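This briefing looks at how two protein chains meet in one model.

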There are 2 protein chains.
Amino acid sequence: MTELGRSTALLTDHYELTMLAAALADGTGDRPCVFETFARRLPNGRRYGVVGGTARVLDAIAAFRFGDDELRELADRKVVDKDTLDWLAGYRFTGDVDGYPEGELYFPGSPVLTVRGTFAEAVVLETLVLSILNHDSAIVSAAARMVSAANSRPIIEMGSRRTHEEAAVASARAAYLGGFATSSNLEAARRHGIPTTGTSAHAFTLLHDSERDAFAAQVAAQGRDTTLLVDTYDITKGIDTAIEVAGPELGAIRIDSGDVGVLARQAREQLDKLGANHTRIVVSGDLDEYAIAALRAEPVDAYGVGTSLVTGSGAPTAGMVYKLVEVAGRPVAKRSSHKESKGGRKLAIRRHKPTGTALEEVIYPAAGPEPEAAEHDRQLAMPLMRGGSVVEGLPSLEQARKRVRGGLVSLPWEGLKLSAGEPAITTVHVG
Amino acid sequence: MTELGRSTALLTDHYELTMLAAALADGTGDRPCVFETFARRLPNGRRYGVVGGTARVLDAIAAFRFGDDELRELADRKVVDKDTLDWLAGYRFTGDVDGYPEGELYFPGSPVLTVRGTFAEAVVLETLVLSILNHDSAIVSAAARMVSAANSRPIIEMGSRRTHEEAAVASARAAYLGGFATSSNLEAARRHGIPTTGTSAHAFTLLHDSERDAFAAQVAAQGRDTTLLVDTYDITKGIDTAIEVAGPELGAIRIDSGDVGVLARQAREQLDKLGANHTRIVVSGDLDEYAIAALRAEPVDAYGVGTSLVTGSGAPTAGMVYKLVEVAGRPVAKRSSHKESKGGRKLAIRRHKPTGTALEEVIYPAAGPEPEAAEHDRQLAMPLMRGGSVVEGLPSLEQARKRVRGGLVSLPWEGLKLSAGEPAITTVHVG
């Protein structure tokens with residue numbers, strides 16, 4: 001029923017079910033509600049965010065069903081009363097979901113995902129929706145920064161080992177969405193069709209009696225187009241041995257440690273002298289977007305990125321919230337502090353210059369009036385679910401990936417700066 | 001077969017299988033190997049780390065089997081050759097695993113988990129072992145800091161929405177391991193027996209026509225011992241209404257925004273005036289270990305912690321590595337850079353003063369000689385798997401939780417400081 005073939009119903013906070021029980025008991029559970037998902041701010045001086053995980057959210061909502069196992073768990077632990085259990089047994093989301101398409105840029109306040117339904121059916125989705133959007137958006141946002149720093153050189157995602165084993169699969173997907181070329185994660189290939197690559201680690205060299213034996217075994221198994229890891233002992237000797245073993249047709253060498261910029265330059269010279277002019281140089285080892293940018297002038301053909309990608313490069317969560325903004329057509333909002341947000345369901349258009357450069361995000365009440373839209377302005381939300389069913393023909397992962405690329409191109413140039421700053425475009429609230 | 005009822009075999013990096021194929025082809029795959037898991041350093045000036053996830057690792061290794069689905073995936077995508085597929089079809093880990101018990105403190109270089117087996121059977125576990133240990137150790141390490149800052153006041157984990165939906169379940173477990181009292185995550189209760197709690201969010205108040213209606217509905221459904229969230233509109237009025245509705249027997253109020261220290265003090269005064277002397281005060285909202293420590297002098301009865309816990313409070317991964325250290329009894333190690341590590345299988349003892357205060361971590365070659373151990377010294381590793389089977393009678397989660405508590409008590413006082421610093425005890429390599 002979902003990517004893991006099981007119910008997502010208990011990936012939920014306890015208080016959602018206790019609220020549900022109380023609302024079913026006093027009759028307010030049936031009130032039509034609108035919940036809006038948005039980020040109050042971008043993390044850490046980031047200039048844009050990228051929406052990730054939308055497709056996973058829709059899958060997870062479809063799999064949000066309470067089977068015998070889930071109901072028994074809730075009954076045994078007395079989380080909710082019998083009436084609520086009965087209601088949960090028949091649960092199936094029947095409302096509407098609208099949102100920014102996956103891969104779209106977002107800014108503070110952007111109504112990224114809007115869920116409409118009764119309070120009862122919509123409140124229980126809070127944790128699941130946020131978990132997926134907060135994780136995947138954090139990763140794809142970091143990925144996009146790295147891709148733009150890499151300036152069209154390919155990046156290989158290899159961070160699975162530095163994050164939760166299932167977060168690793170979602171991270172590989174998010175990295176690809178953000179423009180990474182491939183991933184190391186085999187489950188991401190099975191589940192999401194992400195291309196994977198991989199050749200060998202230092203362990204393979206250490207296993208053998210000599211580096212030469214290791215290289216020979218690898219070339220025998222994988223062909224000359226493989227990537228040989230040359231920094232186990234001495235890089236200069238490693239490169240000599242690599243070309244002796246594989247010949248100048250060797251696909252690539254990888255350097256995983258040391259000052260990779262200097263080492264890449266030396267390696268390029270050495271490879272060229274050996275006639276291996278087409279042998280590529282892959283660098284890895286604690287790279288982030290800043291390190292990637294610093295390597296722009298170096299003869300690097302591809303980057304391997306791990307830790308910084310899967311940890312969102314300093315921003316491991318997108319910090320989105322899921323807020324009740326409308327009850328029975330009436331706008332509602334918390335009012336006690338700086339956490340205030342505007343009530344009422346909202347829509348957004350993004351204004352652009354005729355050149356296609358984004359100008360501003362205009363957020364307005366869905367109840368109207370709609371702001372005047374010029375030729376290059378774009379309505380941002382699209383229908384994602386209607387009556388509990390996923391809308392047909394939603395963008396594929398490849399299309400979402402193209403959308404990220406298009407979004408980055410549309411940013412004013414300051415928006416692509418890696419340094420901390422303000423959001424690339426301003427958000428204007430009207431109405 | 002595992003916590004998710006499915007194979008973990010593809011939660012693996014592509015290169016592990018290509019190395020495997022090459023090693024099977026040249027006969028080196030059968031060489032007996034030792035892989036050691038350790039952290040080269042602690043993150044960000046941390047003074048200790050806590051091992052988390054050991055029990056999940058053992059489960060995941062048991063579920064590391066290649067069924068038809070996994071094999072078809074690898075065959076279709078030509079990840080490995082036919083001989084390797086046949087070998088994988090029969091895969092079952094048959095080696096030995098030793099390691100620090102879950103909940104044990106660790107320091108730079110501590111041999112946290114050691115896997116012994118043929119290269120072929122041990123190399124394929126790298127990603128899975130590291131994903132689990134790196135995630136869970138990062139979370140439990142952050143949890144332990146918060147628990148020690150909270151000075152025996154209970155902490156409720158409520159961070160599921162800020163991390164990947166499955167990482168949320170593991171985080172709830174790790175938080176409990178680290179000493180948190182309860183979690184919001186229902187799946188963590190089902191899967192790991194973690195106690196959960198929860199009452200209501202701002203949405204529940206906003207849903208109703210008035211705060212009074214909302215409180216009345218909640219008290220009707222959950223009883224007077226519930227926790228009423230009083231900061232939706234005006235906290236002072238909210239507290240008045242809460243006590244009017246629930247009476248002075250109200251269990252607790254929760255404040256989720258604003259300057260919670262000041263607000264808690266005012267709330268305590270107000271509650272006491274209203275005769276609600278036993279009504280507890282729960283505070284939440286972007287708390288981390290520093291904020292918790294800053295609230296020590298305030299009349300706070302419990303903390304709710306979300307984002308900072310599930311993101312490891314600035315250190316979202318433990319950064320452990322899984323290194324081949326021994327091949328057929330011969331120590332091996334990478335030698336090209338600062339990433340050097342010592343070859344050979346290692347063991348560790350922790351020396352303590354007679355008072356029980358930890359003094360130093362002594363790491364020595366397993367081949368001997370064993371350093372002299374005084375009365376209060378303790379061998380740190382224990383057998384976890386033998387011949388591919390999990391050892392009987394391993395510590396339970398509750399026992400691991402006690403171990404964390406004991407570990408914190410054993411630290412020299414500087415070790416519990418929250419500020420950035422050196423590891424609490426030094427690591428000494430002998431032999």
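**The interface between chain A and chain B**

In this predicted model, 99 residues of chain B are in contact with 99 residues of chain A. Putting the two chains together buries an area of about 8,000 Å², of which carbon and sulfur atoms give 57%.

**Polar and charged pairs**

- Between chain B and chain A the count of salt bridges is 14, and one of the salt bridges joins the side chains of Arg6(B) and Glu187(A), with an N to O distance of 2.9 Å.
- Residue pairs in polar contact between chain B and chain A number 52, counting pairs in which both residues are at pLDDT 80 or more.

**Make-up of the side of chain B that touches chain A**

- Helix α1 of chain B, which spans residues 14–26, gives the most to this side, contributing nine residues.
- The residues on this side of chain B divide into 38 nonpolar, 33 polar and 28 charged.

- The same surface serves both copies, since 100% of the contact residues of chain B recur in chain A.

**Confidence**

- For chain A the mean pLDDT is 96, and 98% of the residues of chain A reach 70 or more.
- The model as a whole scores ipTM 0.97 and pTM 0.98.

Notes: Residues are numbered from 1 along each chain as its sequence is written. Chains are lettered from A and ligands numbered from 1 in the order in which they are written. Side-chain values use heavy atoms; hydrogens and water are left out. Contact means heavy atoms within 4.5 Å. Buried area is the accessible area (1.4 Å probe) that two parts lose on being put together, summed over both. A salt bridge is a side-chain nitrogen of Lys or Arg within 4 Å of a carboxyl oxygen of Asp or Glu. A polar contact is a pair of N or O atoms within 3.5 Å; within protein, one must be able to donate a hydrogen and the other to accept it, and residues adjacent in sequence count only if both atoms are side-chain atoms. Helices (H or I, at least four residues) and strands (E, at least two) are DSSP runs, numbered from the N terminus. Ala, Val, Leu, Ile, Met, Phe, Trp, Tyr, Cys and Pro count as nonpolar, Asp, Glu, Lys and Arg as charged, and the others, Gly among them, as polar. pLDDT is the predictor's confidence in each residue, from 0 to 100.
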